[in-house]
Structure formats: structure tokens, C-alpha cells
Amino acid sequence: MDAITIILIAVGLAMDAFAVSIANGMNILGSQRRRSALLTAVFFGGFQMLMPIVGWLIGLSLQSIIMEVDHWIAFGLLAFIGVKMIYDGTKKETEQKTSSLNLYTLLVLAVATSIDALMVGLSFAFLQTGILMPILVIGIVTFGLSFVGFYFGCRLGRFFGNRIKIVGGAVLILIGVRILLEHLLG
């Protein structure tokens with residue numbers, strides 16, 4: 001597999017993490033932004049690296065089972081977090097900003113946005129492609145885009161206030177619906 005293909009795969013996989021990072025950045029107060037941006041990037045980049053390895057190790061034997069439920073898992077996780085964000089966005093703005101990220105929520109989001117990377121890992125196994133270089137590129141690209149996305153979200157949050165949480169929640173739900181429709185219709 002050539003370098004351009006690996007980079008394009010990495011960027012494609014990182015787009016969901018980028019969008020979710022923007023949503024995360026909209027909810028964090030100034031004092032913990034750097035730490036929260038780093039945590040977001042590490043979780044998302046780390047899971048985007050881990051999931052292809054898992055998929056690659058699972059290989060051909062379980063492909064049909066995983067493909068039957070991966071889209072439902074991703075949809076459920078993203079929809080749950082999205083609905084919670086929309087609900088939180090309807091509360092008074094003074095109650096909403098937080099000083100740091102909830103690690104459990106970050107873990108759920110990292111898993112939800114990296115399930116497609118598991119399937120990419122399966123495809124690497126089927127194509128008998130090496131795994132080391134692709135996962136490094138995927139992890140680095142996702143880390144970088146998540147970090148940048150987080151700070152972009154911080155700026156958006158300052159301009160739009162608490163209402164942007166509703167938009168962020170809707171984006172997460174739409175990402176989940178897109179994942180579901182891609183698998184059901186494609």
C-alpha cells in the first residue's frame with residue numbers, strides 16, 4: 001500500500017474524531033483547555049491506532065459478525081452522547097461550561113469514532129498489508145486533527161455560547177446516522 005493511500009485513509013478515518021473534537025472544545029473553560037485538547041487528541045489518536053490492530057488480528061474469521069453490528073454500536077454511542085449534549089445545551093449557560101473532560105465520555109466517544117478503523121484493520125488483514133506504518137500514520141493524523149479541532153471548537157464556543165452544544169449534539173447524531181445509513185444502504 002502506497003503512502004498517499006495510507007494518508008487518505010488516515011484523513012478519512014480522522015474526520016469523525018475531528019468533528020467530535022470540535023464539539024468537545026466548545027464545552028471546556030480556559031484553564032484546562034490545553035490539558036483537555038491533549039487528552040482528546042491522545043484518546044482519539046490512540047483508539048484510531050488501536051482499532052485497526054484489533055481488526056487486523058481478528059482477520060477473516062469474524063468479519064461477517066462484526067460487520068453486522070459495528071454500525072449499530074457506533075450509532076448508539078454517538079446518538080446517546082449527542083442527545084445528552086442537546087439536553088445540556090438547553091440548560092442555563094452558566095451551568096454548562098466545565099473545567100475538564102469527563103474521561104468516561106471521552107472513552108465512549110473515542111470508541112464510537114474508531115469503529116470504522118476496526119474495519120479498515122480487517123481490510124488490511126485481507127489484503128495482507130503490513131499494519132505498522134498505516135497505524136502510525138492513522139494515529140498521528142487523528143491526533144493532529146483532533147488537537148486542532150478541539151481549539152477550533154473552543155473559538156466557536158466563545159462566539160455562540162451554550163447554543164453551540166445543541167449544534168454539536170446534532171452533529172454527533174448526524175455522524176451516527178451517516179454511519180448507520182452507509183452500512184444499511186451501501
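**Labels and their grounds**

Tutor: This is a predicted model, and we can begin with the second largest pocket, for which helix 1 (3-25), helix 4 (103-126) and helix 6 (163-185) each supply at least two residues of the lining.

Student: Which helix gives the largest share of that lining?

Tutor: Helix 6 does, with 4 residues, and the pocket itself has a volume of about 160 Å³.

Student: What makes the residues of this lining divide into nonpolar, polar and charged as they do?

Tutor: The lining consists of Gly12, Met15, Asp16, Asp70, Asp116, Met119, Arg178, Ile179, Glu182 and His183. Met and Ile count as nonpolar, Asp, Glu and Arg as charged, and the others, Gly among them, as polar, and the division is therefore 3 nonpolar, 2 polar and 5 charged.

Student: Why is Phe124 called buried?

Tutor: Phe124, which has its place in helix 4, has a relative accessibility of 2%, and because buried means under 20%, Phe124 counts as buried.

Student: Which residues make the nonpolar surface patch to which Leu185 belongs?

Tutor: Trp72, Leu181, Leu184 and Leu185 make this patch of about 440 Å², and helix 6 gives the most to it, with 3 residues.

Conventions:
Residues numbered from 1 in each chain as written. Predicted model: local features only at pLDDT ≥ 70, side-chain atom pairs only at ≥ 80, totals over all residues. Heavy atoms only, no water. 1 Å grid on protein atoms, 1.4 Å probe; cavity = no way out; pocket = protein on both sides within 12 Å on 5 of 7 lines; lining within 4 Å. Points joined across faces, edges and corners; volume = space filled by probe spheres on them. Patch = residues over 30% accessible without salt bridge, like charges linked within 9 Å, V, L, I, M, F, W, Y side chains within 5 Å. Areas by Shrake-Rupley, 256 points an atom, 1.4 Å probe, with all protein chains shown as cover. Salt bridge = Lys/Arg side-chain N within 4 Å of Asp/Glu carboxyl O. Buried < 20%, exposed > 50% of the residue type's maximum accessible area, 1.4 Å probe, protein only.
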